[in-house]
Amino acid sequence: MSSREEHLVELVDETGEAHGETTVAAAHRPPGQLHRAFSVLLVDPDGQVLLQRRAAVKTRFPLRWANSCCGHPRPGESLAEAANQRLREELGAGPVELTEVGVYVYYAEDPATGRVEFEYDHVLRGEFLPSAPLLPDPDEVAELRWADPAALEAELDRDPRSYAPWLGGVVNRLLRPTGSSGSGASGPATTPPGSSADDTAERSGGR
């Protein structure tokens, strides 16, 4: 866990254009530096999505329910390569064919740890069979469950503090795909409808 805090991430502007690099730890210190990230949702043939509850030792939003897998590509690394590596490390899954369904920028402050998420998030969908083997890493994942994405949207509105603040945007992109932006983006990414800019602890959806 701690060694990944020293991994390099790619700094980007709000169009996804790269302009530098820094460490994971530095990117997530207040006030945060906008950097490239990805969020994977594994989807079964019935449209159910795999959620993970983040482990207690996570440095950002521990013990919150989130999408199947999250991470950051290293500078110059492809999203598919980086995402499949994290799927293997966190869930013992993959490789999985991934499709980008949208991108959005979010900002969120973790009131428990003081860390900041400020990310240009590529949302990736992967087809997955519930019967396929999974071997979650307990240092990454506390629990797993499958959920209906439409019902999950409603639950996020009712009980947002049980979920990672970026999950709403990820599910929004899954249900309302905007297509691939390639390695960068064709235009500015946006936060999903319903994101609140007035929540003092967690703003614009967020990782």
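**Exercise 1. Find which residues H19 touches, leaving out residues up to four places away in sequence.**

Solution. Keep in mind that this is a predicted model.

Step 1: look for heavy atoms within 4.5 Å of H19, since that is what contact means here. With residues up to four places away left out, H19 touches L11, V12 and D13.

Step 2: zoom in on V12. Its backbone oxygen lies 3.3 Å from a polar atom of the H19 side chain.

Step 3: place H19 in the fold. This residue sits in strand β2, which covers residues 18-23.

Step 4: H19 and H35 are 16 residues apart in sequence, and their C-alpha atoms are 9.6 Å apart in space.

**Exercise 2. Decide for H19 and for R60: buried or exposed?**

Solution. Step 1: recall the cut-offs. Buried means under 20% relative accessible area, and exposed means over 50%.

Step 1: take H19. Its relative accessible area is 53%, so H19 is exposed.

Step 2: take R60, found in the loop between β4 (49-54) and β5 (65-66). Its relative accessible area is 8%, so R60 is buried.

Step 3: see what surrounds R60. Not counting residues up to four places away in sequence, R60 touches several residues, among them E5, H28, H72, D110 and E117. With E5 there's also a polar contact of 3.4 Å between the two side chains.

**Exercise 3. Work out how α3 and α4 are oriented to each other.**

Solution. Two packed helices are described by the angle between their axes and the distance between the axes.

Step 1: read them off. Helix α3 (residues 149-158) packs against helix α4 (residues 167-175) at an angle of about 150°, and the axes are 10 Å apart.

Step 2: compare the angle with the cut-off. Angles over 145 degrees count as roughly antiparallel, and α3 and α4 are therefore roughly antiparallel to each other. Their crossing is left-handed.

Step 3: list who makes the contact. From α3 come P149, A150, L152, E153 and L156, while α4 brings L167, G168, V171, N172, L174 and L175. By class, that's eight nonpolar, two polar and one charged residues.

**Exercise 4. Say how many helices and strands the protein chain has, and in what order they come.**

Solution. Step 1: count. The chain has four helices and nine strands.

Step 1: The order is β-β-α-β-β-β-β-α-β-β-β-α-α.

Step 2: The chain has 207 residues, and 49% of them count as buried.

Terms used:
Residues numbered from 1 in each chain as written. Predicted model: local features only at pLDDT ≥ 70, side-chain atom pairs only at ≥ 80, totals over all residues. Heavy atoms only, no water. Axes fitted to C-alpha atoms, helices over the stretch in contact; angles between N-to-C directions. Helix = DSSP H or I, 4+ residues; strand = E, 2+ residues; numbered from the N terminus. Parallel < 35°, antiparallel > 145°, perpendicular 65-115°, else oblique. Left-handed = near helix turned anticlockwise from the far one by under 90°. Nonpolar A, V, L, I, M, F, W, Y, C, P; charged D, E, K, R; others polar. Buried < 20%, exposed > 50% of the residue type's maximum accessible area, 1.4 Å probe, protein only. Polar contact = N/O pair within 3.5 Å; in protein donor to acceptor, adjacent residues only side chain to side chain.
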